[in-house]
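Have the viewer ready, and let us go through a few spots together.

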Protein chains: 2
Amino acid sequence: MSKFCPGFLTAGINAGLKEDGKKDLGLIYSQTPASVAGVFTKNIIKAAPVIIDIEKIKKGYAQAVIINSKNANCCTGKKGIEDAYEVINSLALQLQIDRSLVFISSTGIIGQPFPKEKIKFAIPKLIANSNDSKGKELAEAIMTTDTVFKLASVSKKINGISFTVSGVAKGAGMIHPDMATMLCFVCTDIKADQDKLQTILNDAIANSFHKITIDGDTSTNDTVLLLANGASGLSIDKNEVKKAFEKSLNEILLTLAKKIVKDGEGATKLVQIKVIGALTRDDAKKIADVIASSPLVKTAIFGEDANWGRILAAAGRAGVNFNPNRINLFFDEVMIMENSRPCGEKAEKKASAIIKKDEFVILLDINMGGEASATVYTCDLSVDYVKINADYRT
Amino acid sequence: MSKFCPGFLTAGINAGLKEDGKKDLGLIYSQTPASVAGVFTKNIIKAAPVIIDIEKIKKGYAQAVIINSKNANCCTGKKGIEDAYEVINSLALQLQIDRSLVFISSTGIIGQPFPKEKIKFAIPKLIANSNDSKGKELAEAIMTTDTVFKLASVSKKINGISFTVSGVAKGAGMIHPDMATMLCFVCTDIKADQDKLQTILNDAIANSFHKITIDGDTSTNDTVLLLANGASGLSIDKNEVKKAFEKSLNEILLTLAKKIVKDGEGATKLVQIKVIGALTRDDAKKIADVIASSPLVKTAIFGEDANWGRILAAAGRAGVNFNPNRINLFFDEVMIMENSRPCGEKAEKKASAIIKKDEFVILLDINMGGEASATVYTCDLSVDYVKINADYRT
């Protein structure tokens, strides 16, 4: 029952969407209208709630977000949009706030009719259940194939005044940069204009959600919303506050991003892929992305097989020009390849031990004389990933 | 014991590389020097035999190809190149042909020392075993995780004179366009210059191997070689012969390409992804590629779940601009989505029956008013794919 961000109430309940009684409906309510920044899926196929929120965010303010899991309200046409607005209006009426301040978000199966009646029916209970300590319930309500809820919160003090950044996220499958396929809602009691908030959010996402990959798929429902209600009295117009807030937001988003990869569908390992020695950051990123997305690399990691040949083969097809004879490869601190030649049995033995760990780093030095680098977080590709996704709708 | 292409002898034996006694060493020998065309991996990391063959092919002629499975001779440095040349020279000596006419090809595990001694020791037996009816043995010798050998042959008559195109291939994992990761050797008794042969080969590959995907990975050893020894007396300088040969080569390569996808690691289904109604072929191809490579689409196919939401979601992230509200989707001849809305339970029921088939077509009409289209062949992503690749080296 730890506190969520001051000035915000949250809730998570079962509204009958998940038949097993698990939570499926969440609420975020700010006691005063909050500045809002957001980042949405780049997929051309956008779910109804994404289409709606992209319109709403233009006004700059939000006071409530209602989020359901189990049904994505995607490919549901005009009806899906109308249904979502009905839910929004019903919530606005009961919270007695302007309907323009209510945002909506959905995640789950695509193409099934939106269960608006069940959701509307549950709204009074949802509101009644909300309080300042229900971050965990909110995090649980947005889970789909996630196996653990994802919540992170940090409070810091500036000249004796404290501020908080609290966030929840859901991930599991369909996770890939641009953007990571997931929902994430972050609340803070910092005071900030939408413009500045958006810039800070964009930077923080580039350093977190855009660095993770699970299966290369991008969903139709991706949404990150950041609400800032100013309850702390601290404003980011002060440089000291801005710096501290940026740091806290980065910390929260990176924590949530890592939680998402670690809980990737069927994942058993969290692996940091780092590419160094590149001429440009873009080159390094391209190589890191290809390695992090390679099914052959990911299955080798699942099999705990230090099959560095696959890592090199993946790097080689990234479309980046590098010298194939000058590569160094490390698993954590152990060099297993120098100038593109294996370092021998001893090194491979050490690497075999490292790959058995839950978390480790694969570092590839492409040795092009540059100092550019890039990092991507990935997980392994397991038998369970396939099982989960083969049976998702049944 | 069906005949291979006239004028060529082939063989496949066990040289002790595969410890279970399965065939691991193959030979193609043309009774006269043949024109040779080839296509090689675009991966920056190239195996020793690929580096060697790229040099050799510049001379235009080949008379023998020795191919081993189990060891890729990749990331083996200068030593790997030297070892491969030793094998080449040994074979040339025993066949009493010029060493410049001997090509080499390897497939298997990356980064292990090349077993040149075993191979050299087996060469006399390999030659002794060769005859005009051992296409199957050759096809078996190049298998890695393939579960069936891949051989295709066609003979046609022009004005009473017949010509033949015979090919073998191996695939299984690491299969993706540009180019499909595999080995393929095609022999014909047509007479042709290298230049013309290369052009025809490039076109045929664009219509076959560049249309298939298994897991998006591209190997370090990809090689297609086409040998034409002219034994039929028919020359492609005659237009009629050229047309007939092109058709036959296309047929053989597409047959082999489909066999590769159908035998994709762990694959249980062969699925044709066709995108129509695009403004450009490139747009159509991009969308087809993303759908064909999506782990979520591929696991849904494995689960026999007609989860069209994932197909749309994949199309939407292909980076092609289309109207998200005007999409039609078919499984075989059954329309399950019209103008981006599901066609109802009846259609979905029919789709569920189709997805249970071993082979079917997913046709996506993006309805942009264009007439451009593209086709990609893919397979499902199964539990066995992960198991095979997690345990590959052990």
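How many of the 5 residues of strand β4 (residues 102-106) of chain B are buried? The answer is 5 of 5, and the strand is mostly covered. Please keep in mind that this is a predicted model.

- Strand β3 (residues 61-68) of chain B runs parallel to β4(B), and 5 bridges join the two.
- Within this pairing, Phe103(B) of β4(B) has Val65(B) standing opposite.
- To get from β3(B) to β4(B), the chain passes through helix α2 (residues 77-95) of chain B, making a right-handed β-α-β crossover.

**A look at Val165(B)**
- Val165(B) sits in strand β6 (residues 161-170) of chain B.
- Val165(B) counts as buried because it has 27 C-beta neighbours inside 10 Å, where 20 or more are needed.
- Leaving aside residues up to four places away in sequence, Val165(B) touches Cys5(B), Val154(B), Val186(B), Thr188(B), Ser248(B), Leu249(B) and Ile252(B).
- Cys379(B) is 214 residues away from Val165(B) along the chain, and their C-alpha atoms are 27 Å apart.

**Domains of chain A**
- Chain A is divided into domain 1 (8-262) and domain 2 (270-390).
- The C-alpha centres of these two domains of chain A lie 33 Å apart.

Terms used
Residues are numbered from 1 along each chain as its sequence is written. Chains are lettered from A and ligands numbered from 1 in the order in which they are written. This is a predicted model: local features need pLDDT of at least 70, side-chain atom pairs count only at pLDDT 80 or more; totals for chains, interfaces and linings use all residues. Domain bounds come from an automatic or database domain assignment. A residue is buried if 20 or more other C-beta atoms lie within 10 Å of its own, exposed if 12 or fewer, and partly exposed in between; C-beta atoms are placed from the backbone. Helices (H or I, at least four residues) and strands (E, at least two) are DSSP runs, numbered from the N terminus. Two strands pair if DSSP finds at least two bridges between them. A crossover is right-handed if, with the strands pointing away from the viewer, the path from the first strand over the helix to the second runs clockwise. Two residues are in contact if their C-beta atoms, placed from the backbone, lie within 7 Å.
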